[in-house]
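Have the sequence and the 3D view ready, and let's walk through them together.

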Amino acid sequence: MSMEETKVKIKLNSTILPIDGEKENYEMWLDGALVKKSGKSYLRYVEQLEEKEIRTTVKMGNEDAFILRGGGVKMRLPFNTIKEEIGEYETQFGSMPIITKTKHLSYDYNEDNQLSGKFNVQYDLIISGQSVGKYTLEIQYSEVQK
């Protein structure tokens, strides 16, 4: 199984519209890697949240995708445009199932002279049968020039 890895600069935009609260926007610039494995594209990067280091892997696609986080936050968020998916979120009290209802999923990429791409997902997050909010995540990446 061959694996290609390319260093990339990542711009991450996240919008959260909680059911009961104010809209939140986050923007982060991160260094990461684009990994090509078995015809699939994955972005890997590390976020620093307070004292915690969170290792994140994003599998990008147009029909299904997922976000896997480890380290300071442990979470698996699957996305599927056809059906609701069950993921999980680790808390100090144990693992909690979470449901994602994907509204929109797209992945566009360019591999001509400079590797770049854009991944976008919009979803509702459901915990214990209740929607907790509408989430939008947009990730743009481009190859780091040597």
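Here is a short briefing, sorted by topic.

This is a predicted model, where local features need pLDDT of at least 70, side-chain atom pairs count only at pLDDT 80 or more, and totals for chains, interfaces and linings use all residues. Residues are numbered from 1 along each chain as its sequence is written, and side-chain values use heavy atoms, with hydrogens and water left out.

**Confidence**
- The protein has a mean pLDDT of 93 (pLDDT is the predictor's confidence in each residue, from 0 to 100), and 99% of its residues reach 70 or more.
- Among the elements, S3 has the lowest mean pLDDT, 92, while strand S6 (residues 75–80) has the highest, 97.

**The barrel**
- Picture 10 strands closing into a barrel with antiparallel pairing, in the order S1-S2-S3-S4-S5-S6-S7-S8-S9-S10.
- On average, neighbouring strands of this sheet are turned by 25 degrees against each other, direction ignored (axes are lines fitted to C-alpha atoms, and angles run from 0 to 180 degrees between N-to-C directions).
- A strand here is a DSSP run of E with at least two residues, numbered from the N terminus, and two strands pair if DSSP finds at least two bridges between them.

**Strand neighbours**
- Nine bridges hold S3 (residues 40–49) and S4 (residues 52–60) in an antiparallel pair, with serine 41 opposite methionine 60 in S4.
- The S3 and S4 hairpin has two residues between the strands, and glutamate 50 takes a positive phi near 50 degrees there.
- S4 also runs antiparallel to S5 (residues 64–71), joined by six bridges, and arginine 55 faces glycine 70 in S5.
- Three residues lie between S4 and S5 in their hairpin.
- Further along, S9 (residues 116–127) and S10 (residues 130–143) pair antiparallel over 12 bridges; serine 116 has serine 142 in S10 as its bridge partner.

**Rings**
- There are three aromatic pairs (rings of Phe, Tyr and Trp, using its six-membered ring, with centres within 6.5 Å; planes under 30 degrees apart count as stacked, over 60 as edge-to-face and the rest as tilted).
- One of them is tilted: phenylalanine 79 and tyrosine 123, 4.8 Å centre to centre with 55 degrees between the planes.
- That pair links distant parts of the chain, since phenylalanine 79 is in S6 and tyrosine 123 is in S9, 44 residues apart.
- Phenylalanine 79 counts as buried because its relative accessibility is 1% (buried means under 20% relative accessible area, with a 1.4 Å probe and protein chains only), and tyrosine 123 is buried too, at 8%.
- Phe79, Tyr123 and Tyr135 form one aromatic cluster.

Methods
Helix = DSSP H or I, 4+ residues; strand = E, 2+ residues; numbered from the N terminus. Buried < 20%, exposed > 50% of the residue type's maximum accessible area, 1.4 Å probe, protein only.
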